[in-house]
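Open your viewer, and let us go from one selection to the next.

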Amino acid sequence: MQFSHELIVPEPGFPFKLFIFEGRDGNYRRDRHWHRSVEIFAVCSGELGFYIDDRLWHLSAGEFLIVNSNEVHSVDSPLPNETIVLQIPLELFEDYFTGEQFIWFTHEPGKRDERFMELMRELYQLYEEKTCGYDMKMMSVFYDILYYLVKDYRLPETGQDYVRKNKTLDRLSGITSYMKENYRNSLSLEKVAEEFGYSPTYLSRMFQKYAGITFKDHVQNIRLGHAVKDLESREYSITEAAIRNGFSGSKALARAFRKKYGILPSEYRAQRERKSSKG
């Protein structure tokens with residue numbers, strides 16, 4: 001099992017990120033990942049499947065799910081749907097942290113679910129229409145959502161296992177962010193461990209236990225993600241795409257690409273060209 005850390009950047013001018021789920025057309029799956037922000041998926045039509053710590057949650061139209069900070073999750077979207085996603089930085093809940101400097105929201109349905117869904121729909125409608133004063137009204141609706149979150153969905157007590165895992169993933173978030181910023185450079189286990197004050201053995205075990213992936217594979221996945229974008233842009237040759245993104249050359253990229261995606265970079269580029277010409 002492989003998990004990845006996702007870095008979330010709020011909307012310009014707002015303390016949150018709001019968008020329609022990218023799997024709206026169906027036939028989509030988002031692999032296991034985590035992030036520090038609290039995330040809400042509100043299904044307006046269609047359906048979604050969620051896996052949180054290996055438990056399946058099925059969402060239908062009119063239902064939502066709160067994904068906690070540093071909670072490893074994946075999303076399965078086999079059918080078309082319209083789902084509003086709201087991502088809220090953890091820092092906005094600081095006044096409501098428990099004594100462990102931690103906050104946790106329930107996944108179970110609550111008495112305010114219908115009102116909560118109304119607010120999510122209203123927030124996105126305001127964002128789409130952008131009428132005069134929409135930004136002030138959006139902030140008003142957003143604070144209503146925060147109010148219901150801390151009043152009706154916050155759990156006053158959380159098990160120590162959750163707290164411990166959260167703190168570890170929080171540290172891993174900082175490490176993976178550093179790796180994403182420096183993926184083009186040499187990123188050895190020893191160098192990153194020294195940067196964060198860990199022994200290489202401890203950091204290696206941390207990745208294996210909490211992220212479900214080796215340190216080396218995580219670095220490679222970051223580089224592959226950027227190489228794919230370069231291949232799609234056609235601005236660079238395959239060799240250039242490899243060197244630009246931290247690979248030693250086109251052969252190293254080809255090995256990693258085939259292992260992850262099952263095809264060679266040249267085959268991937270050819271597929272993209274055929275789709276483009278048909279379009």
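A disulfide is a pair of cysteine sulfur atoms within 2.5 Å. With that cut-off, this structure holds zero disulfides. This is a predicted model: local features need pLDDT of at least 70, side-chain atom pairs count only at pLDDT 80 or more, and totals for chains, interfaces and linings use all residues. Residues are numbered from 1 along each chain as its sequence is written, and side-chain values use heavy atoms, leaving out hydrogens and water.

Select Cys44 and Cys132. Buried means under 20% relative accessible area, exposed over 50%, and partly exposed in between (1.4 Å probe, protein chains only). Cys44 is partly exposed at 21%, whereas Cys132 is exposed at 85%.

Now colour by secondary structure. The chain has nine helices and nine strands; these are DSSP runs (helices: H or I, at least four residues; strands: E, at least two), numbered from the N terminus.

Next, go inside. A nonpolar core is a set of buried Ala, Val, Leu, Ile, Met, Phe, Trp, Tyr and Cys residues joined through side-chain atoms within 4.5 Å. The largest one has 34 residues, and Ile40, Leu86, Phe93, Ile145 and Leu149 have the most contacts inside it. Among the elements giving two or more residues to this core are strand 4 (38-45) and helix 2 (134-153). Helix 2 gives the most, with nine residues.

Zoom in on Phe93. Contact means heavy atoms within 4.5 Å. Beyond its neighbours within four places in sequence, Phe93 touches Val38, Ile88, Ile103, Phe105, Leu146, Leu149 and Val150.

Finally, select Tyr183, Val192, Phe207 and Phe215: they belong to a second, separate core of 21 residues.
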